[in-house]
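Please work through the exercises below with the sequence and the model open beside you. Try each task before you read its solution.

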Amino acid sequence: MDKEKEKRAIKYLKSFEPEDEPYYLCYSGGKDSDCIRILAELAGVKHEVYHNLTTVDAPETVRYVKSIPDIIINKPKLSMWQLIVKTGMPPTRLMRYCCTTLKEGGGKGRLKIIGVRWAESYNRKVNNDIVKIIGKPKTTQKEAEKRGLDYNVTKSGGMVLNNDNDENRRFVEHCYRTTSTMINPIVDWTDNDVWDFLNYYGCESNPLYKCGYKRIGCIGCPMNRRTQILELIRYPIYRLNYIRAFDRMVLARKEAGKPYNNWSNGEEVFRWWLDLNDENLSIEENMLKEIDSKGWEKL
Ligand code: SF4
């Protein structure tokens, strides 16, 4: 295990610890959030562990999250099924409205700990560092300029800081209540670092990893078509719930005088959503055919 990275992560958490309230630790139920949870305990920093229930989490994840001591579970105002009807479209790669509503809420005005890693994707590499600040970009950048900070601006207009020196700490202290400020203690960890760390500390982690999952996410998430199809086969009740939600969505669109794409029912929307083109096959047969043709063996 890379003890240096562990020590550094603990140092970051201690450095930025707010004086008068606990950190808001964002816990998803995946391996990275187990790392930050254990690191916060090792660092001895005050923290509260929060999980945002998405309503499309795998049952295994829900059970695992509930087993975490003192976890605080936030329930969303609208479920995924209600959100689909309200938005009038299924969530897609280009319209990820569900993330903002179901995954990213909570912790306003609190200093957050998150478990984002560069190794996860190119976007994460360019948009993250030890400290990430989103919100009030002009005011925040002006203040950073005034203090002579070394920072980068991300594509989405956020700011990242890449160390925990005194000036950065004071800056974070100054702005975290009015922005969304996140401390990223494992940003440079590799997958091996994560697993070595969890094994070393005896963390069982989400049981889905033992079923071959590489990542834990929402069932039916459109960001990865391969896992989307495999999961909708594995969890038929969620498939049915999506189809029912799409049924209600089509009806709501018609009632509002805004029919779309000649959709007449939820099954048609579902086929469109997953790009299942063989009309002679049932939805399930179509999904299985996709898997056979692509040779998708594992999640
Ligand atoms: S389904 Fe995907 S895009 Fe939607 S909230 Fe979940 S992770 Fe985000």
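The exercises that follow go from the sheet to the helices and then to the ligand. This is a predicted model, in which local features need pLDDT of at least 70 and side-chain atom pairs count only at pLDDT 80 or more, while totals for chains, interfaces and linings use all residues. Residues are numbered from 1 along each chain as its sequence is written.

**Exercise 1. Partners of β8 and β5**

In which sense does β8 pair with β4, and in which sense with β5?

Solution. Begin with β4, which pairs with β8 in the parallel sense over 3 bridges; here Ile 113 has Ile 183 of β8 as its bridge partner. Continue with β5, which pairs with β8 in the antiparallel sense over 4 bridges. Along this pairing, Val 131 stands opposite Ile 183 in β8, and Lys 132 stands opposite Met 182 in β8. Finally, β5 (residues 131-134) is joined by 3 bridges to β7 (residues 159-161), and these two strands run antiparallel. In that pairing, Ile 133 stands opposite Met 159 in β7.

**Exercise 2. Helices on the sheet**

Solution. Axes are lines fitted to C-alpha atoms, for helices over the stretch in contact, and angles run from 0 to 180 degrees between N-to-C directions.

**Exercise 3. Two helix pairs**

Describe how α4 packs with α11, and then how α2 packs with α9.

Solution. Helix α4 (residues 80-87) and helix α11 (residues 236-255) pack at about 25 degrees, with their axes 8 Å apart. They are therefore roughly parallel to each other, since angles under 35 degrees count as roughly parallel, over 145 as roughly antiparallel, 65 to 115 as roughly perpendicular and the rest as oblique. Trp 81, Ile 84 and Val 85 of α4 make the contact with α11 residues including Ala 245, Phe 246 and Met 249.

For the second pair, the axes of α2 and helix α9 (residues 191-200) come within 10 Å and cross at roughly 55 degrees, which makes α2 oblique to α9. Here Lys 31, Asp 32, Asp 34 and Cys 35 in α2 meet Val 194, Phe 197 and Leu 198 in α9.

**Exercise 4. The ligand**

Which residues surround the ligand?

Solution. Counting a residue as near a molecule if its C-beta atom, placed from the backbone, lies within 6 Å of it, the ligand is surrounded by Thr 54, Pro 91, Arg 96, Cys 98, Cys 99, Leu 102, Lys 103, Gly 217, Cys 218, Cys 221 and Met 223.

Notes:
Pairing = 2+ DSSP bridges. Contact = placed C-beta atoms within 7 Å.
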